[in-house]
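Please study the sequence and the structure before reading the solutions.

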Amino acid sequence: MDVYPLNSTQMLGRILSASLVSLIPSVTCLMSLQVFPTAAFGQPPAASVETKVKVPSAMISKPFNTSRYLKVPPNFSISVYARITNARFMAVAPNGDLLVSQPSSNKVLIVRPNGSKDPIISDFVTGLRKPHDIVFHKIDNTTYIYISETNQINRFTYNTGDLIAKNRQIVVTGLPDSSTPELGGVYGHELKNIALDANHKLYVSIASTCNACKEDTVSTPKRGAIYQYNADGTNQRLFAQGLRNAEGLAFLPGTNDLWVVVNNRDQIAYPFNDSSGNYGKVIPSYVDNHPPDEFTKVRDGGNYGWPFCNPNPDTSTGFNNMPFDRDYQFNANGSVNCNAMDRINKGIQAHSAPLGLTFLQNTNFPSLYSSGVVAALHGSWNRQKKTGSRIAYFPWNSTTKTLGEEMDLVSGWVVPTTQEVWGKPVDMVVDLQGNLLISDDSSGTIYKLSYTPPAQVKVYRDANLTGVSQSFPTSPGVYKANKGDLNIVGNDTISSLSVPPGTVVRVCQNETGGRCREFSAGDYKYVGADLDNIISFIEVK
């Protein structure tokens, strides 16, 4: 039996806390430089600012009948965009409309912008069987909307501005759900998730019926597995197995690499026959952190262990490329070789319940974060201290094609002092304006996470705030031409400037003084003939 010793330190608190530094303002660019904060080791800032959730007056029903706060990164704000009961998965239409699945009502809703007013919400398609995932996909000149039901996959044709679903085709039928006779009306994870790749292959996650069981591994089709089809539903084949409940399916942009997040099992028995005397027992302190939930690339033909093998986060690799332990309940004797299983790329704190998965590449989300990926952690029930209920961000290393250390992008749906859970995030999409929309099926909310660039002092080569420009942070600093600090606008060629509120700027003819002038908040279209073209020193106070 392969036994990995437990690390006495529980695998908690793995969020990397990033410290901020500033970019050097002498970085060159062709026309305009904006100096943004970044984090050590290339990490963008994590959630650190407790921010009041902005709620329109028509949407202040529970839980927003009292002030609510979420922690977000610097320069972000968060607001309630819409209220939709039991909102689950989402997709943004090419024209910016938002589709939201509502399995509890057997509908998919469409949410349309309405200027400065609250968005307009209406039925896009009704009468489905617990619709869940939604994917827009273009084949030749036709745009389709794929929508999963528990028992089948539909696609509808889409033309820009469509307000209702049209031309329904049922492309996959016979998927197992609670109506399957052999299951007796019980199916623990019957909602289906889907994805389509660049070769027009459709992938369907058929999740497990149970917490852990062998029956799902020998059923037809297999459950706890992903199947591949042609886009029209033909040529079904098993793609990968051993994935208990793969909710988020997403392709790394520009590739056909399928990544998933997986809800792992609960109530795991202690698997080590050691001196603790806990072998085979369900020990809450062990269950709290085992087995980790999963974030992994899925290969064709892969087997990821469930229900026979569980990833072990307690070795020297931590949550990365974890070895497997034998599941006491189903594989204590090692009849299934855990060394033959495909290892999980990245673990997530056990019982976090990851659902939605969104790569931010090729979106309009702020560039500091757009090389990464976000996962919605729905939150735990099977843990002594609650975890999850947050949006996790993972940097992506495009050179090594690996995930970096997890950090919080949005947190606070669990109140630490009381353990009250007032929201449970499900899915995330980026809208055309670069906002991150977040669904929450517990409070019935769509949130909008928005970025506002930090205020900057901006100087221009020409009068009237035109021509080549260079920006500086509003924090105190001194910038000198002879140090190369003004080489964007060009030494001694500043004619106008803009100063944000709460800031004072002093400009001087040369680095050691000469004629100087101070400017408080405002736009100055001409600095004056006595200073024009001979500014070599800028001090932000």
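Predicted model: local features only at pLDDT ≥ 70, side-chain atom pairs only at ≥ 80, totals over all residues.

**Exercise 1.** Classify the aromatic pair formed by Phe-64 and Tyr-447, and locate both residues in the chain.

Solution. A pair of aromatic rings is described by the distance of the centres and the angle of the planes. Step one: the count for the model comes to 21 aromatic pairs. Step two: for Phe-64 and Tyr-447 the distance is 6.2 Å centre to centre, which lies within the limit of 6.5 Å. Step three: the planes are at 75°, and because an angle over 60 degrees counts as edge-to-face, the pair is edge-to-face. Step four: Phe-64 lies in the loop between strand 4 (49-52) and strand 5 (69-72), whereas Tyr-447 belongs to strand 35 (residues 445-451). The two residues are 383 residues apart, and the pair links distant parts of the chain. Both Phe-64 and Tyr-447 are buried.

**Exercise 2.** Explain why the pair of Trp-413 and Tyr-447 is classed as it is.

Solution. The ring centres of Trp-413 and Tyr-447 are 5.5 Å apart and their planes stand at 65°, so this pair is edge-to-face. Trp-413 is found in the loop between strand 32 (407-410) and strand 33 (425-430), 34 residues apart from Tyr-447 in strand 35. Trp-413 is buried, as is Tyr-447.

**Exercise 3.** State which charged residues sit over the rings of Tyr-144 and Tyr-187.

Solution. Over the ring of Tyr-144 sits the charged end of Arg-155, 4.0 Å from the ring centre. Over the ring of Tyr-187 sits the charged end of Lys-192, 5.1 Å from the ring centre.

Methods: Residues numbered from 1 in each chain as written. Heavy atoms only, no water. Phe/Tyr/Trp six-rings, centres within 6.5 Å; stacked < 30°, edge-to-face > 60°. Helix = DSSP H or I, 4+ residues; strand = E, 2+ residues; numbered from the N terminus. Buried < 20%, exposed > 50% of the residue type's maximum accessible area, 1.4 Å probe, protein only. Lys NZ or Arg CZ within 6 Å of the ring centre and 35° of its normal.
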